[in-house]
Amino acid sequence: MYKIAVCGCGVVGSGVCDALIHQREKLSRRFAREVGLAYVLDIRDLKGTPYEPYKTDSLETILSDPETEVVVITIGGLDLAADYCFRALKAGKHVVTSNKAVVAAHGPELERLAFSKNHRFMYEASVGGGIPIIRPLNICLYANDITEIQGILNGTTNYMLTGMFRRHASFDEMLARAQRKGYAEADPTADVDGFDAARKIAILSSIAYGGFVDYRKVPCRGIRDVALVDHELADKAGFAIKLIAGSRFEGGKVFISVEPKLVPRGHLLSDVNSVYNAILTKGNYTGDSLFYGQGAGKEATASAVVGDIVELLEAPAVASLPEFVDKEAEIARDERPARYYIRFTSLRPVPAGALIDLFGDDTLCLYSKVEKDPWEDIDVDVTGGVITPACTPEELEAKVPGLNPLGATLKLILKVLD
Ligand code: HSE
């Protein structure tokens, strides 16, 4: 029997256990040998759950069982999960994980260790939930020089941004909903502040460009500052607001960032809503390829884990290590001209002509929301926005102080995705 152990029976782990229990026959047919769940390691007692019969308290029990070939690590956080990955590989097991923190921080060492043991270290579920993207980048698109990746890589924030706009719901309400649905990380600041997406784009970029991208060097900005009025103004101008994790490989350097951006309606990423993720890759042979699906959640992520198990049972050893294992990527700041969305407030509407004089001829001036003082019948709070013509970050920095003399106070700047 191919015995499989699952360490961590939370949202993803319990999904993996369910899939292994339900698909036991199908898996066993494929490999003409019994393939199934043998152990579930968790600190909870699991009493009354379908996982109770498999419950163990000790990693040692799993590692010392010679029939257990695959250890699935679905524990969250970093240190314990990483420790389990290292110990399982050292003990001669294949390791499959959904834990992107571990992959982003220790990917090269774990890849090397697995290779030295003639075993597999697999992590399809660490990026994009149920979307196949690690394997396509590693293998299917290998003929290509990948020059760009643009992704919506965090299900929680996409769910929140979509819900805030569609339901006029508050940030906190949507975060609570995402948590209830099991999309959010244990510490949701990783989602909301962009760190989760930063780890994921670092993992994808390392594979795509052949140099290890340290996630700690990814310029990263989350969605806390994006207000309902930004969605409304962006929508009127024909844009959606998405948390975009993107990277570009040019001149041997990786230009990378995570930030909320205005995405033109009609762009392939503009209609990716709710918990769905999408990854758009650009290769010299394929051109654009789009990978789309549920980026978080129990079943979708479990599907990716089981896919890895199938692959490693087919090919229990690999002939090569990924290039990023031995090379660090050079990360640089993107200075290319881009359009920017700028939101400001003022006591009375700023004339469009003055904004065009400030930012340039092709400036798009957005609807200003005017709040009247109910007692005095005077304008008391105007929210306005512009979308600038393409300019460099330096040019933008030089122009923005010009809002003050027009009586406008800067509230938010977002880049427009080109
Ligand atoms: N918290 C993550 C997300 C889970 O919302 O995308 C999947 O990695």
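1. An oxygen atom of the ligand lies 3.5 Å from an N or O atom in the side chain of Asn154. For Lys100 the corresponding distance, again from a ligand oxygen to a side-chain N or O atom, is 2.6 Å. A polar side-chain atom of Lys200 is 2.8 Å from an oxygen atom of the ligand. A polar contact here is a pair of N or O atoms within 3.5 Å; within protein, one atom must be able to donate a hydrogen and the other to accept it, and residues adjacent in sequence count only if both atoms are side-chain atoms. On its own the ligand has 260 Å² of accessible area, of which the protein covers 92% (Shrake-Rupley method with a 1.4 Å probe; for residues, only the protein chains shown count as cover).

2. This is a predicted model, in which local features need pLDDT of at least 70 and side-chain atom pairs count only at pLDDT 80 or more, while totals for chains, interfaces and linings use all residues. Residues are numbered from 1 along each chain as its sequence is written, and side-chain values use heavy atoms, with hydrogens and water left out.

3. Which residues surround the ligand? They are Lys100, Asn154, Gly155, Thr156, Tyr183, Ala184, Glu185, Asp191, Asp196, Lys200, Gly295 and Ala296 (a residue is near a molecule or strand if one of its heavy atoms lies within 4 Å of it). By class, this shell has three nonpolar, four polar and five charged residues; Ala, Val, Leu, Ile, Met, Phe, Trp, Tyr, Cys and Pro count as nonpolar, Asp, Glu, Lys and Arg as charged, and the others, Gly among them, as polar. Helices α7 (155–167) and α10 (195–209) each supply at least two residues of the shell (helices, H or I of at least four residues, and strands, E of at least two, are DSSP runs numbered from the N terminus).

4. The count of aromatic pairs comes to six. Rings of Phe, Tyr and Trp (its six-membered ring) pair if their centres lie within 6.5 Å; planes under 30 degrees apart count as stacked, over 60 as edge-to-face and the rest as tilted. Tyr159 and Tyr183 form an edge-to-face pair, at 5.3 Å centre to centre and 75 degrees between the planes. Tyr159 belongs to helix α7 and Tyr183 to the loop between α8 (171–180) and α9 (189–192), so the pair ties together parts 24 residues apart in sequence. Both Tyr159 and Tyr183 are buried (buried means under 20% relative accessible area, exposed over 50%, partly exposed in between, with a 1.4 Å probe and protein chains only).

5. The ring centres of Tyr276 and Tyr292 are 5.0 Å apart and their planes are at 10 degrees, so this pair is stacked. Because Tyr276 lies in strand β10 (residues 276–283) and Tyr292 in strand β11 (residues 287–294), the pair ties together parts 16 residues apart in sequence. Tyr276 counts as partly exposed at 29% relative accessibility, as does Tyr292 at 46%.

6. Leu46, in the loop between β2 (35–41) and β3 (55–56), has a positive phi near 60 degrees. Most residues other than glycine have a negative phi. Leu46 is buried, with a relative accessible area of 8%. Ser274 also has a positive phi, of about 55 degrees, although it is not a glycine. Ser274 lies in the loop between β9 (253–264) and β10 and is partly exposed at 25% relative accessibility.

7. His94 is found in strand β5 (residues 94–97) and counts as buried at 4% relative accessibility. A polar atom of the His94 side chain lies 3.1 Å from the backbone nitrogen of Arg120.
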